[in-house]
Amino acid sequence: MASALFLSRSFSSAWRSASASALHRTRYAVVLAGARALSHSSPLVSADTVHKLLRTPEALEEHGFSEMVVVDCCTTENWSEGCAWPPPVFAAAHVPGALPLPFDRKCKTETNDLLPPSTVDGALSLMGIGDKSLVVLYDAEHNLWASRVWWMMRYYGHAGARVMNGGLARWYQLGYPLEKSEAAKSFIATYADQKRAADPFQCSEVDGSWAISLAEMRESLGLNTHLVWDARSPAEFDGSGGPPNANKGHIPGAVNVEWTQLLNPETFEMLPREKIRQMFADAAGGDLKERALVTLCQKGIRGAFAALAAYHAGITDKPVLYERSMEEWGNATDVPMER
């Protein structure tokens, strides 16, 4: 009887061990399948894949990433060092383990210039972001601000940035857990003591080919070297509405595909790449590869979303953002306009 009991217990123990091993293999296989969505040619990653990778991060190694850092871009537009920290909107609800963006989400200084490399270096290091980090960005406003931060990271040379498709709305829609963070002092301690990257990312060289200036825009019009995607509303585009720019209308030859047309209203995700390609091809009326693509809007936020969409759709592998957009062009005195 004792021998039989011993054998029974041994079999039960072996069965549990084998089952656990099989469960682990199954779980890892599922995660790997989800991680395969981490295409190096796509700037998007699904909420489902992010959820899987949070539970089993070892799958990241297959794609050359050392870790995943999730960044919440829901900070207030006019964030400064004197604001509440963490930001109230972040404290209310965020993806578990996410960190709030430690600078203004427009990625600009008080003088309306892009953040200097030293500021970006310090912020990314503080969040534990290194050269081989997968950086997942999201917000609660259709990823407008996450797109802006994605563009900024590509401009400063970090190729590991991805935008979580559908943002926080899609995460919530799928029933995934949300986390609250109300203890600001504890949170700052986490930043300072635990999140500094061992091998921090360094903005050693700005990739200026991701941006274009007013002078370069003016020159490109004369040479017909760029195709311009204006992501503003039709009313802003034709000059019948919009901000009080000195000059209403649009840049001559620009194509108007409003950024809101790029979203699935049911899932909040970006439309499939083929649909976006066709939509833009119909609007542009020609070969999308003939000229370099410039995206713009009023202040470079919706334009960054269009840049993300263009990259996602394969329209171009390097969308160029006119970062100052119509806020600058529409108030300049020596540039052409159409209505």
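Start by selecting W150, W210 and Y311: together they make one aromatic cluster. The pairing rule is that rings of Phe, Tyr and Trp (its six-membered ring) pair if their centres lie within 6.5 Å, with planes under 30 degrees apart counted as stacked, over 60 as edge-to-face and the rest as tilted. By that rule the count is nine aromatic pairs. One to look at is W151 with Y155, where the ring centres are 5.2 Å apart and the planes sit at 25°, so this pair is stacked.

Before moving on, note that this is a predicted model: local features need pLDDT of at least 70, side-chain atom pairs count only at pLDDT 80 or more, and totals for chains, interfaces and linings use all residues. Residues are numbered from 1 along each chain as its sequence is written, and side-chain values use heavy atoms, with hydrogens and water left out.

Stay on W151 and Y155 and show helix α5 (residues 144-155): the two are four residues apart in it, about one helical turn. (Helices, H or I of at least four residues, and strands, E of at least two, are DSSP runs numbered from the N terminus.) Both residues are buried, meaning under 20% relative accessible area; exposed is over 50%, and partly exposed lies in between (1.4 Å probe, protein chains only).

Next, pick I129, in the loop between α4 (117-126) and β4 (133-138). Its relative accessible area is 0%, so I129 is buried.

Strand β2 (residues 67-72) runs parallel to β4 over six bridges, and V70 has V136 as its bridge partner. Strand β5 (residues 161-165) is also parallel to β4, joined by three bridges, with L137 opposite V163.

Last stop: the open sheet of four strands, ordered β7-β6-β8-β9 with parallel pairing. Its edges are β7 (255-256) and β9 (320-321), each pairing on one side only. Inside, select β6 (residues 226-230) and β8 (residues 292-296), a parallel pair with five bridges, and find H226 bridged to A292.

Definitions and conventions
Two strands pair if DSSP finds at least two bridges between them.
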